[in-house]
Amino acid sequence: MAAELLRFPDRTSATGKEIDAYLRKEVELSDEGVHQLFSRNRWEKAAEMRELLLGGTTLVVDRYAHSGVAFSAAKDVPGMDVEWCRAPDAGLPAPDALFLLQISPEAAATRGGFGEERYETSDFQKAVAEQFLSLRDDTWRVVEAARPIEAVHAEISELALAEVGRCQAGGVPLRDLW
Ligand code: 2DT
Ligand code: MG
């Protein structure tokens with residue numbers, strides 16, 4: 001089974017380097033502007049993702065447009081409501097399965113490196129968690145992440161492999177995100 005790992009933001013492209021500098025608090029960007037930049041960072045990969053998916057490769061994607069919506073909407077900036085936040089990602093390929101790794105902001109704060117980047121404050125993480133839960137529909141799988149990595153891995157890989165099997169059996173069309 002062919003599989004590839006992708007991660008968004010992809011910090012290696014030109015847009016990704018700008019996002020990286022923003023997250024590391026080296027530059028300031030408008031909330032609207034950085035939201036668009038995160039989306040462009042995904043669009044840069046859209047054709048390649050489609051090609052891989054249609055060729056039968058499984059993509060494992062660490063964060064996607066749902067993070068874009070949840071983080072930007074959590075800023076509570078006038079005009080940047082959920083509908084506005086979703087718009088730039090319309091037409092990107094949709095995932096067949098989506099896993100929300102749930103952890104309390106308190107537990108997340110004990111993980112390595114927490115607090116170094118923009119967005120890594122407990123108050124903001126609480127607002128993001130609320131956004132994720134309100135975006136969630138019953139196709140999302142919520143996985144308890146405050147456990148040893150092996151336990152989280154075992155649960156996700158079992159669910160993911162079942163989904164891969166379903167897709168390999170055919171009849172699961174490649175859909176757009178929204
Ligand atoms: P990592 O810590 O996973 O590298 O994410 N983010 C991410 C957004 O605000 N919008 C997006 O579209 C995406 C994909 C989440 C870096 C931070 O960037 C946030 C955390
Ligand atoms: Mg991070």
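Predicted model: local features only at pLDDT ≥ 70, side-chain atom pairs only at ≥ 80, totals over all residues.
Two packed helices are described by the angle between their axes and the distance between the axes. Helix α3, spanning residues 65-73, packs against helix α6, residues 122-135, at an angle of about 130°, and their axes lie 8 Å apart. With that angle, α3 is oblique to α6, and α3 passes α6 in a right-handed crossing. On the α3 side the contact is formed by His 66, Ser 67, Val 69, Ala 70, Phe 71 and Ala 73, which meet Phe 124, Gln 125, Val 128, Gln 131, Phe 132 and Leu 135 of α6. Sorted by class, this contact of α3 with α6 comprises eight nonpolar and four polar residues, with no charged residues.

The largest nonpolar core has 22 residues, and those with the most contacts inside it are Tyr 119, Val 128 and Phe 132. At least two residues of this core are supplied by each of α1 (14-23), α2 (31-54), α3, β3 (98-102) and α6. When residues up to four places away in sequence are not counted, Phe 132 touches His 66, Ser 67, Ala 70, Phe 71, Leu 100 and Trp 140. Another core, of 11 residues, lies apart from the largest one and has Leu 6, Ala 46, Met 49 and Tyr 64 among its members.

Helix α1 is largely enclosed by the rest of the structure, because seven of its 10 residues are buried. These buried residues are Thr 15, Gly 16, Ile 19, Asp 20, Ala 21, Tyr 22 and Leu 23, and what covers them includes α2. Following α1 is Lys 25, which has a positive phi, near 65°.

Notes: Residues numbered from 1 in each chain as written. Chains lettered and ligands numbered in written order. Heavy atoms only, no water. Axes fitted to C-alpha atoms, helices over the stretch in contact; angles between N-to-C directions. Helix = DSSP H or I, 4+ residues; strand = E, 2+ residues; numbered from the N terminus. Parallel < 35°, antiparallel > 145°, perpendicular 65-115°, else oblique. Left-handed = near helix turned anticlockwise from the far one by under 90°. Contact = heavy atoms within 4.5 Å. Nonpolar A, V, L, I, M, F, W, Y, C, P; charged D, E, K, R; others polar. Core = buried A, V, L, I, M, F, W, Y, C linked by side-chain atoms within 4.5 Å. Buried < 20%, exposed > 50% of the residue type's maximum accessible area, 1.4 Å probe, protein only.
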